[in-house]
Amino acid sequence: MAADTIKRVSPFLDSGPHTTPGTLAIVALSRDNLIPVYLQDSKGAHDGYAEGVVVNTRYGSFPHSTLLNVPWGSQIRASNVDTGSRGRKRKRPEGDAGDAAGEVNREDAAANAVKQAATASSGFVHILPPTPELWTASLPHRTQVVYTPDYSYVLHRIRARPGTRIIEAGSGSGSFTHASARAVYNGYPRDGSERKGKVFSFEYHETRFEKMKNEILGHGLDGLVQLTHRDVYKDGFLVDGESPEAESIFLDLPAPWQALPHLSRSRPQTAEFAADGEKPWVSPLNPKKSAYICTFSPCIEQVTKTVSAMRRLGWVNIEMVEIANRRLQVFRDRVGLHIPTERGANLTPANVGEAVARLAEIEERFKEHSKASRSGGNSSTPTAAMDVDTNGDVMADANGAPYKIWKEGRLITKGEPEVKTHTSYLVFAVLPREWSAEEEEAAFKRWPCGGEEKVIGSLNKQARREEKIRIHGGKNKDTKKKVEKDVEAESKEAAAEA
């Protein structure tokens, strides 16, 4: 059983030290350009490529054979791939009958042999392990995506932790599903009766449901995510007629207020639910814990209706939050005439002294050039003295000492030039647990209340002094004598006032 459990662990939870066939990997072309790839161990030519399965990018071609069995984070050089005939057979000369069967066999044998990839002169990518953050940046968009700044804050506010059970309505592209599955993971359940952290995801659109189901299976999350095709507005959140017993809820729906009545601990007193009065009410929430909810709504009108429904149904601590994400860039502002000509360098004088020295150098060279011209030199031919553009790749200061170019300049933090637009409004609320008479009686016996005497504010000053004598009297004799004197003085003052 332990071996099966290890085999089923998703690469999103434990990707291992290096890449393996049949798993998902993220090919990083740049910070904002990521490609998800399912690595394959090719046994022969594929799609006309003699090297097998090949990933083609703007930086070159990368056969899967070069991406397999390498440590995560490795830099992979591009390869010169052999496209061969790409499915086209060689044209036979007229009248050359030959051995057709033998030629077919030779072509099949050549197709089955995988050619060793040759490294190209330029181009590279990085191979990264799959994480919810990278998957969010590279996944195929089917709906509006819940991005990392939003779902990280949401998971914190709804108290998602290992062992938590989450209800998600509106799977969409699966961004929040992958993040929440990692947040609640505390092991795969051995059977249906064992309680582990789990995500109960509901999707109404059938096409998105099928695509999401295939992704969950391919990513090894089928034991942690239970996907259901359902209209939660009408049919609620029960799974096979049983309660998920969830403590956290995330609703990414156009009308979350229509789904809120199904998230009640008792039957809502509405006409819609009154028709089912004969059936016993089963709540999808955990009866022994408070429920924490978050709704994801782009429009403020949705927020207004959702908050009104929450207040009617007994939700408390209702709060709306909007997250504005802004990326900060950290770089060095390299300014100076001694900086090599490269991207990001500002080839202007860094201070007045450097500017004056540069002007003096130019004037001196101009004088030498004029003197050479008057002496009969060919002024049409440029000389070394007139070549004032000497800002080459100088890697030494004025004294000739080498310096490190990456440490030059001031360290600057700069915000993004483009202002991020609005994504959505997040509405948070809490539904307290309901206590029965038996539970309140058991709690009262364990923690009796009503007869307290020694609580803050219930003792007068003299009683508190006497309490100090009892606590500290045996530890320090000087303290005991001082406290006794204070108590005696306070007693005399009280008698005099009486």
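Which arginine forms a salt bridge with glutamate 361, and how far apart are the closest N and O atoms? The partner is arginine 358, with the closest N and O atoms 3.5 Å apart.

## Basis of the model

This is a predicted model, in which local features need pLDDT of at least 70 and side-chain atom pairs count only at pLDDT 80 or more, while totals for chains, interfaces and linings use all residues. Residues are numbered from 1 along each chain as its sequence is written, and side-chain values use heavy atoms, with hydrogens and water left out.

## Overall make-up

The protein has 498 residues, of which 35% count as buried. Buried stands for under 20% relative accessible area, exposed for over 50%, and partly exposed for values in between (1.4 Å probe, protein chains only).

The secondary structure comprises 15 helices and 16 strands. These are DSSP runs numbered from the N terminus (helices: H or I, at least four residues; strands: E, at least two). Among contacts with a separation of 6 or more, 70% are between residues 24 or more positions apart, a contact being heavy atoms within 4.5 Å.

## Salt bridges

The structure holds 14 salt bridges, each defined as a side-chain nitrogen of Lys or Arg within 4 Å of a carboxyl oxygen of Asp or Glu. Glutamate 361 takes part in the bridge to arginine 358 and also meets arginine 365 at 2.9 Å, N to O. Glutamate 361 and arginine 358 both lie in helix α12 (residues 352-374), 3 residues apart, or about one turn of the helix. Arginine 365 is in helix α12 too, 4 residues from glutamate 361, again about one turn. Glutamate 361 is partly exposed at 31% relative accessible area, as is arginine 365 at 22%, whereas arginine 358 is buried at 16%.

Another bridge joins the side chains of glutamate 215 and arginine 142 (3.0 Å, N to O). This pair links distant parts of the chain, 73 residues apart: glutamate 215 belongs to helix α7 (residues 206-218), and arginine 142 to the loop between α4 (132-138) and α5 (148-157). With 10% relative accessibility, glutamate 215 counts as buried. Elsewhere, a network of salt bridges links Arg190, Glu194 and Lys196.

## Aromatic rings and charges

There are 6 aromatic pairs. Rings of Phe, Tyr and Trp (its six-membered ring) pair if their centres lie within 6.5 Å; planes under 30 degrees apart are stacked, over 60 edge-to-face, and the rest tilted. The rings of tyrosine 153 and phenylalanine 428 have centres 5.6 Å apart and planes at 85°, so this pair is edge-to-face. The pair links distant parts of the chain, 275 residues apart, with tyrosine 153 in helix α5 and phenylalanine 428 in strand β16 (residues 425-431). Tyrosine 153 is partly exposed at 26% relative accessibility, while phenylalanine 428 is buried at 2%.

A charge sits over a ring if NZ of Lys or CZ of Arg is within 6 Å of the ring centre and within 35 degrees of the ring normal. The charged end of arginine 433 is likewise over the ring of tryptophan 435, 4.2 Å from its centre.

## Nonpolar cores

A nonpolar core is a set of buried Ala, Val, Leu, Ile, Met, Phe, Trp, Tyr and Cys residues joined through side-chain atoms within 4.5 Å. The largest has 29 residues, and those with the most contacts inside it are Val154, Leu155, Ile158, Ala160, Phe176, Phe250 and Cys294. At least two residues of this core come from each of α5, α6 (175-184), α7, β9 (225-229), β11 (291-297) and β16. Helix α6 gives the most, with 5 residues.

Leaving aside residues up to four places away in sequence, isoleucine 158 touches Phe176, Ser248, Ile249, Tyr292, Ile293 and Cys294. A second, separate core has 28 residues, including Val239, Ala246, Met310 and Trp315.
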